[in-house]
Amino acid sequence: MIAKNLREQPAFHGNYGHLRLACCLAFLVLMAAAPAARATGGEDEEYDSYKLRLDGFWLYSKPSGQFTSKGNTGFLDVEKDVGFQSYNTGVGKVDWKFTHKNHLYFIYYNFTQSKSVVLNRTVAFEGRTFNVGATASGALKSKIYVPGYQYDFIRRKRGSLGVQVQLNIIDVAGNLFAAAQVNNGVPQAATFSSSTLRVPLPVAGPTTRIYLIPNSGRLFVDANVLGMYFFGYGNYVSSMGTLGFNLAKHLAIRGGYTLGSRFEVKTSSDRAGVTLSQHGAVAGLEISF
């Protein structure tokens with residue numbers, strides 16, 4: 001089990017600040033949503049009326065976290081060891097509202113980054129040792145495929161309040177490579193280590209959209225908070241809050257902040273474990289039909 005070691009690593013504690021900020025902002029929007037969503041209005045008067053919606057977002061993501069080796073024999077910190085920085089990536093979503101209150105959707109996240117770095121500590125990772133001072137290349141590949149269902153408990157002219165239930169299919173890999181070189185006068189052989197985790201994680205949580213200006217469908221906020229605790233096996237949470245502006249009847253721009261994912265998977269001693277967070281500013285377009 002890797003829970004104790006991960007909690008004792010001080011480098012990861014700061015990530016809970018991003019988690020609390022994102023979840024608190026989304027929670028405040030959700031609480032404000034309920035009274036506004038109860039405003040009167042028929043279905044044909046809804047500002048958010050559509051059958052098919054396409055969302056495409058640019059995400060300025062900041063990765064953080066750790067991979068822990070099999071048998072809890074070492075770890076690779078993607079911030080301190082490899083020095084990954086914020087980078088540009090994308091998020092896509094397709095939403096089919098097949099009845100007035102029922103949705104089926106699919107989301108795809110792709111977090112991929114690589115970097116060369118001079119190691120500032122000796123890293124033991126997946127049965128290989130990388131000595132301090134070695135020039136290494138690190139890579140992080142994290143893809144999340146998300147089929148999901150949404151039900152709107154409240155759906156009125158001024159907004160909606162519902163719940164999302166989805167399956168996050170996570171495919172994440174971290175690797176480290178050091179070419180043959182001389183380190184402090186001692187020849188070093190080329191070294192490569194990799195850790196891969198593929199796991200489906202069911203999550204659920206509230207979602208809302210509220211139009212802010214009375215008698216206008218121009219300006220709105222959209223927010224959700226999703227998560228699940230898997231008892232002794234880990235946890236998952238994500239959150240997204242955006243401010244949107246309708247440029248035309250079927251076209252809107254949105255921008256805000258997202259905790260794209262934060263998950264911890266604790267495994268038995270014969271398997272690798274991972275704690276990983278992706279968070280940052282988000283902006284994009286929304287097209288409705």
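**Charges over rings**

The charged end of Arg 121 lies over the ring of Phe 75, at 4.4 Å from the ring's centre. The model is a predicted one, and the points below are grouped by topic.

**Aromatic pairs**

- In total, the structure contains 9 aromatic pairs.
- One of them joins Trp 58 and Tyr 60: the ring centres are 6.0 Å apart and the planes meet at 25°, so this pair is classed as stacked. The reasoning rests on the cut-off that planes under 30 degrees apart count as stacked.
- Trp 58 has a relative accessibility of 38% and therefore counts as partly exposed.
- Tyr 60 is likewise partly exposed, with a relative accessible area of 38%.
- Trp 96 and Phe 98 make up a tilted aromatic pair, with 5.2 Å from centre to centre and 45° between the planes.
- Trp 96 counts as partly exposed because its relative accessibility is 46%, and Phe 98, at a relative accessible area of 33%, is also partly exposed.
- Tyr 47, Tyr 211 and Phe 220 are linked into a cluster by ring pairs.

**A loop residue with positive phi**

- Most residues other than glycine have a negative phi.
- Asn 215 is not a glycine, yet it has a positive phi of about 60°.
- Asn 215 is found in the loop between β11 (191-211) and β12 (219-229).
- Is Asn 215 buried or exposed? With a relative accessibility of 70%, Asn 215 counts as exposed, because the exposed class begins over 50%.

**Strand pairing**

- Strand β13 (residues 234-248) and strand β14 (residues 251-265) run antiparallel and are joined by 13 bridges.
- Within this pairing, Asn 235 stands opposite Glu 264 in β14.
- How many residues lie between β13 and β14 in their hairpin? The hairpin formed by β13 and β14 has 2 residues between the strands.
- β14 also pairs with strand β15 (residues 273-288), in the antiparallel sense and over 13 bridges.
- The bridge partner of Leu 251 in β15 is Ile 287.
- In a regular strand, the side chains alternate between the two faces of the sheet.

Note on methods. Residues are numbered from 1 along each chain as its sequence is written. This is a predicted model: local features need pLDDT of at least 70, side-chain atom pairs count only at pLDDT 80 or more; totals for chains, interfaces and linings use all residues. Side-chain values use heavy atoms; hydrogens and water are left out. Rings of Phe, Tyr and Trp (its six-membered ring) pair if their centres lie within 6.5 Å; planes under 30 degrees apart count as stacked, over 60 as edge-to-face and the rest as tilted. Buried means under 20% relative accessible area, exposed over 50%, partly exposed in between (1.4 Å probe, protein chains only). A charge sits over a ring if NZ of Lys or CZ of Arg is within 6 Å of the ring centre and within 35 degrees of the ring normal. Helices (H or I, at least four residues) and strands (E, at least two) are DSSP runs, numbered from the N terminus. Two strands pair if DSSP finds at least two bridges between them.
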